[in-house]
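I opened my notebook to go through this structure step by step. Have a look along with me.

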Amino acid sequence: MKTLLFVGHPGHELLAYKLLITEKPDVVYLTTGSGNRNQSRLHESIALVNSLGLKVLSPFEPFSDRQIYDLILEGDHKPFLVLLDSLEDLWRSEGYGRIVGDALEGFNPSHDICRYLINGLVSRLTSKNREVENYDFLQDELHKGQDSINEDSIVFDLSEDEMREKLKACVDYAELKFEVDRFMDSFGLDFFRKECFRKITDLTKVSNWETEAPFYEEHGRRRVKEGVYKRLISFNENMKPLAQALLQ
C-alpha cells in the first residue's frame with residue numbers, strides 16, 4: 001500500500017525510521033523547523049530521506065515556525081485550507097492508501113495542526129467513498145505510544161542493525177542533538193527499538209489532554225511573562241477555531 005508520511009517538523013521522521021525503510025513512504029513537511037532562531041533544518045531531513053532512496057514532496061511551501069504562529073494568532077485559516085486542498089490534490093495524483101503523521105498531544109501547535117490537517121483530509125476522502133488508513137505516532141510522550149498498542153496498531157521492532165542505523169541517523173542530525181539527548185534521558189535506549197503507529201478512527205477530536213490547558217499554552221504563558229513571547233497561543237481562542245475549520 002502506498003503511504004504518505006506527513007509531519008509537522010523536520011526530524012520527526014527519525015521516530016518513524018523503520019517505517020521509512022520498510023514502507024518507503026513519500027514525505028511531506030508542514031514547516032521548516034526553523035524555531036525561534038528562524039534557521040531551517042529542512043535540508044538535514046531531505047538529505048536523510050534521500051539517502052534512504054525516498055522522496056520529499058512539496059505540494060506547498062513549508063511554513064517557517066514564525067509564519068505558522070503568526071497565522072494562528074491572526075486567526076487566518078485560509079492558508080491552512082488552501083494547504084488542505086493541496087494535500088487532497090497530492091493524494092489523488094499519487095494514489096496513496098495510507099497516511100501516517102503526528103499525534104494530537106497538546107505539546108506543540110504545529111504538531112497538532114498537522115494532525116488536524118490529516119484528519120480533515122481523511123474526512124474529505126472518506127466522504128467521497130475513498131478507503132484511507134490513518135495512523136499517528138507520538139512526538140513527545142513516546143511511552144504512551146507503547147502503552148496504547150492494540151490489535152489495530154502497526155508496531156515495528158528494530159533489529160540490532162536497524163537500531164544502529166537509526167541511532168547513527170539521530171546522532172548525525174546535528175540540529176536535533178538536544179531533542180535526541182532529551183529522549184535518551186527520559187525514555188532510555190529501549191524506547192528507540194520499538195515504533196508504534198496508532199490507528200485513528202475519530203476524525204473529530206480537537207483535544208485529548210487531561211489538564212485545563214495544553215502544554216504549549218502553559219509554556220507560552222510562562223514565556224510571555226518572561227518577555228520572550230509577545231502574545232500567547234490559546235487553545236480556546238486560537239487553535240480550537242482553526243481545528244474546527246479544518247475538520248468541518
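**Entry 1: a salt bridge from helix to strand**

I began with Glu 23, which is partly exposed at 27% relative accessibility. The scale I used calls a residue buried under 20% relative accessible area, exposed over 50% and partly exposed in between (1.4 Å probe, protein chains only). Before going on, I noted that this is a predicted model, where local features need pLDDT of at least 70 and side-chain atom pairs count only at pLDDT 80 or more, while totals for chains, interfaces and linings use all residues. Residues are numbered from 1 along each chain as its sequence is written, and side-chain values use heavy atoms, with hydrogens and water left out.

Which side chain does Glu 23 meet in a salt bridge? I found Arg 98, at 3.1 Å from N to O. A salt bridge here is a side-chain nitrogen of Lys or Arg within 4 Å of a carboxyl oxygen of Asp or Glu. Glu 23 sits in helix α1 (residues 17–23) and Arg 98 in strand β3, so the pair ties together parts 75 residues apart in sequence. Helices (H or I, at least four residues) and strands (E, at least two) are DSSP runs, numbered from the N terminus. Arg 98 is buried, with a relative accessible area of 10%.

**Entry 2: further salt bridges**

I counted 17 salt bridges in the structure. In one of them, Lys 2 joins Glu 94, with the closest N and O atoms 2.9 Å apart. Lys 2 lies in the segment before β1 and Glu 94 in helix α4 (residues 78–94), so this pair links parts 92 residues apart in sequence. I also noted a network of salt bridges that links Asp 85, Glu 88, Arg 124 and Lys 128.

**Entry 3: the sheet**

In what order do the six strands of the open sheet lie? I read it as β2-β1-β3-β4-β6-β5, with mixed pairing. Two strands pair if DSSP finds at least two bridges between them. The edge strands, β2 (26–29) and β5 (154–157), each pair on one side only. Strands β1 (residues 3–7) and β3 (residues 98–102) run parallel and are joined by four bridges. Across this pair, Leu 4 stands opposite Ile 99 in β3.

**Entry 4: the cysteines**

How many disulfides does the structure hold? I found zero, counting a disulfide as a pair of cysteine sulfur atoms within 2.5 Å. The sulfur of Cys 114 is 18 Å from the closest cysteine sulfur, in Cys 196, which is too far for a bond. Cys 114 is buried, at 0% relative accessibility.
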